[in-house]
Amino acid sequence: MYTAQGTIEKSHLLTQHMPLVRRIALQMMAKLPANVELDDLIQVGIMGLLDASSRYEDNRGAQFETFASQR
């Protein structure tokens with residue numbers, strides 16, 4: 001979804017990429033100690049997704065998914 005100014009709508013980015021957060025959290029679970037819970041990783045991942053959505057600039061050439069997965 002785009003705004004009237006032609007930029008990507010931030011709320012749409014968040015809802016569209018929530019499965020990315022879960023997928024990365026599950027991948028990280030394999031590398032972390034057993035006492036780290038999946039819900040905690042997802043919560044931190046959502047915070048990273050929010051940070052990525054506020055910093056993302058679509059004119060830089062990187063896809064949002066690539067940019068957000070680094071956060």
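Q: Where is Q70 found?
A: Helices are DSSP runs of H or I with at least four residues, strands are runs of E with at least two, and both are numbered from the N terminus. Q70 sits in the segment after α4. The model is a predicted one, in which local features need pLDDT of at least 70 and side-chain atom pairs count only at pLDDT 80 or more, while totals for chains, interfaces and linings use all residues. Residues are numbered from 1 along each chain as its sequence is written, and side-chain values use heavy atoms, with hydrogens and water left out.

Q: Is Q70 buried or exposed?
A: Buried means under 20% relative accessible area, exposed means over 50%, and partly exposed is in between (1.4 Å probe, protein chains only). Q70 has a relative accessible area of 63% and is therefore exposed. Its C-alpha atom is 8.9 Å from that of G48, a residue 22 positions away along the chain.

Q: How many helices and strands are in the protein chain?
A: The chain has four helices and zero strands, which gives the pattern α-α-α-α when read along the sequence.

Q: What is the mean pLDDT of the protein chain?
A: pLDDT is the predictor's confidence in each residue, from 0 to 100. The mean for this chain is 83, with 87% of the residues at 70 or more. By helix, α1 (residues 10-16) has the lowest confidence, at a mean of 79, and α2 the highest, at 93.

Q: What does the accessible surface of the protein chain come to?
A: Accessible areas come from the Shrake-Rupley method with a 1.4 Å probe; for residues, only the protein chains shown count as cover. The total here is about 5,300 Å², and carbon and sulfur atoms hold 54% of that area. Of the 71 residues in the chain, 21% count as buried.

Q: Which residues make up the largest nonpolar core?
A: A nonpolar core is a set of buried Ala, Val, Leu, Ile, Met, Phe, Trp, Tyr and Cys residues joined through side-chain atoms within 4.5 Å. The largest one in this model has eleven residues: L13, L20, V21, A25, L41, I42, L49, A52, Y56, F64 and A68. Two or more of them come from each of α2 (18-29), α3 (38-55) and α4 (64-69). The most come from α3, which gives four.

Q: Where is the place of H17, and is H17 buried or exposed?
A: H17 belongs to the loop between α1 and α2. Its relative accessibility is 10%, so H17 counts as buried. Beyond neighbours within four places in sequence, H17 contacts L49, F64 and E65.

Q: How many salt bridges does a search of the whole structure find?
A: A salt bridge is a side-chain nitrogen of Lys or Arg within 4 Å of a carboxyl oxygen of Asp or Glu. The search finds two. One joins the side chains of R23 and E65, at 3.4 Å from N to O. This pair links distant parts of the chain, with R23 in helix α2 and E65 in helix α4, 42 residues apart. Both residues count as partly exposed, R23 at 42% relative accessibility and E65 at 36%.

Q: What is the distance between the closest N and O atoms of R55 and D51?
A: The distance in this salt bridge is 2.8 Å. R55 and D51 are four residues apart in helix α3, so about one helical turn separates them. R55 counts as exposed at 52% relative accessibility, whereas D51 counts as partly exposed at 28%.

Q: How many aromatic pairs does the count come to?
A: A pair of aromatic rings is described by the distance of the centres and the angle of the planes. Rings of Phe, Tyr and Trp (its six-membered ring) pair if their centres lie within 6.5 Å; planes under 30 degrees apart count as stacked, over 60 as edge-to-face and the rest as tilted. The count is one pair. In it, the ring centres of Y56 and F67 are 5.7 Å apart and the planes are at 50°, so the pair is tilted. Y56 lies in the loop between α3 and α4 and F67 in helix α4, so parts eleven residues apart in sequence are tied together. Y56 counts as buried, at 10% relative accessibility.

Notes
Contact means heavy atoms within 4.5 Å.
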